[in-house]
Amino acid sequence: MKERFAKLLLGEDMSGGGKGVSSALALSNAFTNLAAAVFGEQKRLEPMPPERKARWRKEIDWLLSVTDYIVEMVPVQQKNKDGSMMEVMTTRQRTDLHMNIPALRKLDTMLIDSLDNFKDQTEFYYVSKDADDPDNRKNDNKWWLPTPKVPPEGLSDAARRFVQYQKDCVNQVLKAAMAINAQTLSEMEIPESYIESLPKNGRSSLGDMIYRSITEEFFDPDQLLASMDMTSEHKILDLKDRIEASIVIWRRKMNQKDCKSAWGSAVSIEKRELFEERAETILLLLKHRFPGIPQSALDISKIQFNRDVGQAVLESYSRILESLAFTVLSRIEDVLHADFLTQNPPQSSRRSVSRNTTSKPDKSPTPKEEVEKGGSETMTLSDFMGWSSDQGDSDTKRDPSDDLYNDMDNGKPQKLPDVVTDKKVSYLETLGGMRSPTARH
């Protein structure tokens, strides 16, 4: 504990030369590093080892203890000895911390309990990634994870209901953590360095095609996203960065008092408010469809230059809980996917059986089989979470032998900041470990 708090006081500059990062950023990095160390090896649906669970609870209490001393002055009524009432000022924990810290602790407990609930399950098991199993090669994007296996007849009804119930619980935790994190980030001050890097108008940030779609009389966000190339995580993140930049530009122009300045424009405030609302709608759809994409340039800039320790605690704690919830949800869906494939064998397996039992050539799939094939492939993470089903039309042409959740919605973007899953992509790497976030990209 002495070593950890020494690093916080020194701003991670162990030379003591005063060149360290701010206390807020050092505390944020401490949350990130703790989560990476404790949850980095959580690759199965099983309870955490007792020593890791004890370490997590002990050290998270250390880091959260600073919030007990972040207070604000509030008036209270005090009764004097003579019976008269007098208003005095007293201190209490800051309102945002008083509301959100207990909520985050509750979400933390729910996630740990969710893992503990899998202690006595016997319906599914895991095969090592090094095992000689051809099914392991079906999910190349998760090659480092053990493969879940279910009985040949699939999960029992009771086990399936249990797994589905756990998925629903974790899903609620994920949504709550995302909401707290988004609210905290929205309240953080936008750094001047980010503002100075922005173009002078929203069209330059968005590009002509997106700008025309947002400024047209009839606006359809789903159609706009369907027309965008979102086949990689980089392209999705770039779109998110451009939309967030345009929102900041339009907000500054609406608040700009000097109409003759470089930020001035002939566009009316009413239209600019409409454009901002439409851009925020697109941004919300992106966050819901791709909850696992890395932080945007605006978010990274806010975290790096934030000086509010309370906001740093809320943002980092909610972020690592969001990551853990996303990981547990992915592990649950891996089990449900294995159960689904057991009950609905891939088309290639059926053809193989047909070749072994008859000499007739393979027949082309019937319309019914095509419907079954399309229906199975639209069961993505977003569909399970009830966020959106707009991606289904673009996925119905894929080979049904592909992993059901291989590309998660529309390509390869569903890469969670994997603090809690593996060492491949983690918040530890995203935030630059024990360094300032300037090295994150």
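Two exercises on a predicted model follow, each with a worked solution.

Residues are numbered from 1 along each chain as its sequence is written. In this predicted model, local features need pLDDT of at least 70 and side-chain atom pairs count only at pLDDT 80 or more, while totals for chains, interfaces and linings use all residues; side-chain values use heavy atoms, with hydrogens and water left out.

**Exercise 1.** Find the place of Ser84 and decide whether Ser84 is buried, partly exposed or exposed.

Solution.
- Step 1: Ser84 sits in the loop between β1 (71-79) and β2 (85-93); strands are DSSP runs of E, at least two residues, numbered from the N terminus.
- Step 2: The relative accessible area of Ser84 is 30%. Buried means under 20%, exposed over 50%, and partly exposed in between (1.4 Å probe, protein chains only). Ser84 is therefore partly exposed.
- Step 3: The side chains of Ser84 and Asp82 are joined by a polar contact of 2.7 Å. Such a contact is a pair of N or O atoms within 3.5 Å; within protein, one must be able to donate a hydrogen and the other to accept it, and residues adjacent in sequence count only if both atoms are side-chain atoms.

**Exercise 2.** State how many residues of the protein there are and what share is buried, then describe how far apart in sequence its contacts reach.

Solution.
- Step 1: The protein has 441 residues, and 46% of them are buried.
- Step 2: Contact means heavy atoms within 4.5 Å. Among contacts between residues at least 6 apart in sequence, 74% join residues at least 24 apart.
- Step 3: Leaving out residues up to four places away in sequence, Ser84 touches Gln78 and Lys79.

Methods. Helix = DSSP H or I, 4+ residues; strand = E, 2+ residues; numbered from the N terminus.
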